[in-house]
Amino acid sequence: MRLVGSRNAGRARDKLCGLRLAGLGQYFPASLPPLRVCEAGPLDFRWQNFYTLIPFHTMMIRIASAVLSLAGLLALVSGIAFWSGIGLNLLALHMLLGLLAVGALWTIGIGQAFSSSGSWIIAASALILGILTIAIGLYQSSLWVGALHWVIEVVHLTLGILTIGLGHMGAVRYRKSTAGSR
Ligand code: HEM
């Protein structure tokens, strides 16, 4: 007998009870005593119970935090490589990674704006910082071209690091504020 998936949980229980009554109890593994399965009453698996275990917004913040770590780190490493003249053909990938990092920052910022113990300062800073990071990233090649171009490069690098830092600050704050509620 093989019943896979949450929808089959109730059917599996009924089947187990049926087999036990038919005298096949000795075939059940020790970790799953049939009597206990039957005594437990109907299995109550519902998706809303699952979401109560890990709320949707908590899951979103966790995913955003992971995306921010990965995309932010790869954008930083590829950007530093560009600085040394390496891998300039990967510029489009770098931009995509940077946009992903900013998207993750905005997701965390939205989490701060709508969570009861969130910070409006972090939420607003995330929005503004994200816009600045994308704007400077998109136009930096044509900004202050010449002897002072390094200033724009340093500004771009600083905004990128701030994007990663602020995002993680918001995610940690969110995690702490919801730690007791799960
Ligand atoms: C976490 C976010 C990011 C980090 C850490 C980061 C880091 C860097 C670094 C260190 C460089 C080399 C130095 C420089 O030219 O400034 C660079 C170059 C560059 N980045 Fe980013 N970046 C990020 C996001 C973005 C985004 C969102 C875009 C555009 C949408 C972008 C576009 C570019 C471009 C076009 C260059 C090459 C500029 C040139 O060679 O003139 N970056 N990045």
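Student: How many other C-beta atoms lie within 10 Å of Met-95, and is that residue buried, exposed or partly exposed?

Tutor: Burial is read from a count of C-beta atoms, placed from the backbone: a residue is buried if 20 or more others lie within 10 Å of its own, exposed if 12 or fewer, and partly exposed in between. Met-95 has 15 such atoms, so Met-95 is partly exposed. This residue is found in helix H5. Its C-alpha atom is separated by 9.5 Å from that of Gly-79, 16 residues away along the chain.

Student: What should I know about the model and its numbering?

Tutor: This is a predicted model, in which local features need pLDDT of at least 70 and side-chain atom pairs count only at pLDDT 80 or more, while totals for chains, interfaces and linings use all residues. Residues are numbered from 1 along each chain as its sequence is written.

Student: What is the mean pLDDT of the protein chain?

Tutor: pLDDT is the predictor's confidence in each residue, from 0 to 100. The chain has a mean of 82, with 69% of its residues at 70 or more. Over residues 20-30 the value is below 50, and this stretch has eight contacts in the model beyond near neighbours in sequence. A contact is a pair of residues whose C-beta atoms, placed from the backbone, lie within 7 Å. Where pLDDT is low, the predicted coordinates should not be read in detail.

Student: How many helices and strands are there in the protein chain?

Tutor: Elements are DSSP runs numbered from the N terminus: helices (H or I) have at least four residues, strands (E) at least two. The protein chain has seven helices and zero strands. Along the sequence, the pattern reads α-α-α-α-α-α-α. Of its 182 residues, 19% count as buried. Among contacts with a separation of 6 or more, 63% join residues 24 or more positions apart.

Student: At what angle do the axes of H5 and H7 cross?

Tutor: Two packed helices are described by the angle between their axes and the distance between the axes. Here the axes are lines fitted to C-alpha atoms over the stretch in contact, and angles run from 0 to 180 degrees between N-to-C directions. The axes of H5 (residues 91-114) and H7 (residues 149-178) cross at roughly 35° and come within 9 Å. The crossing is left-handed, a term used if the near helix is turned anticlockwise from the far one by less than a right angle.

Student: Which residues of H5 and H7 meet?

Tutor: From H5 they include Gly-98, Ala-101, Val-102, Leu-105 and Ile-108, and from H7 they include Gly-160, Thr-163, Ile-164 and Tyr-174. The residues of this contact divide into nine nonpolar, eight polar and no charged. In that division Ala, Val, Leu, Ile, Met, Phe, Trp, Tyr, Cys and Pro are nonpolar, Asp, Glu, Lys and Arg are charged, and the others, Gly among them, are polar.

Student: Why does Val-102 count as buried?

Tutor: Val-102 counts as buried because it has 26 C-beta neighbours inside 10 Å. Val-102 has its place in helix H5. Leaving out residues up to four places away in sequence, Val-102 touches Gly-130, Thr-133, Ile-134 and Thr-163. Thr-163 is 61 residues from Val-102 in sequence, yet 6.8 Å away in space, C-alpha to C-alpha.

Student: Where is Trp-144 found?

Tutor: Trp-144 is in the loop between H6 and H7. Its phi is positive, about 45°, although Trp-144 is not a glycine. Trp-144 is partly exposed, with 13 other C-beta atoms within 10 Å. Ser-141 lies in the loop between H6 and H7 and is exposed, with 10 such atoms.

How values were computed
Two residues are in contact if their C-beta atoms, placed from the backbone, lie within 7 Å.
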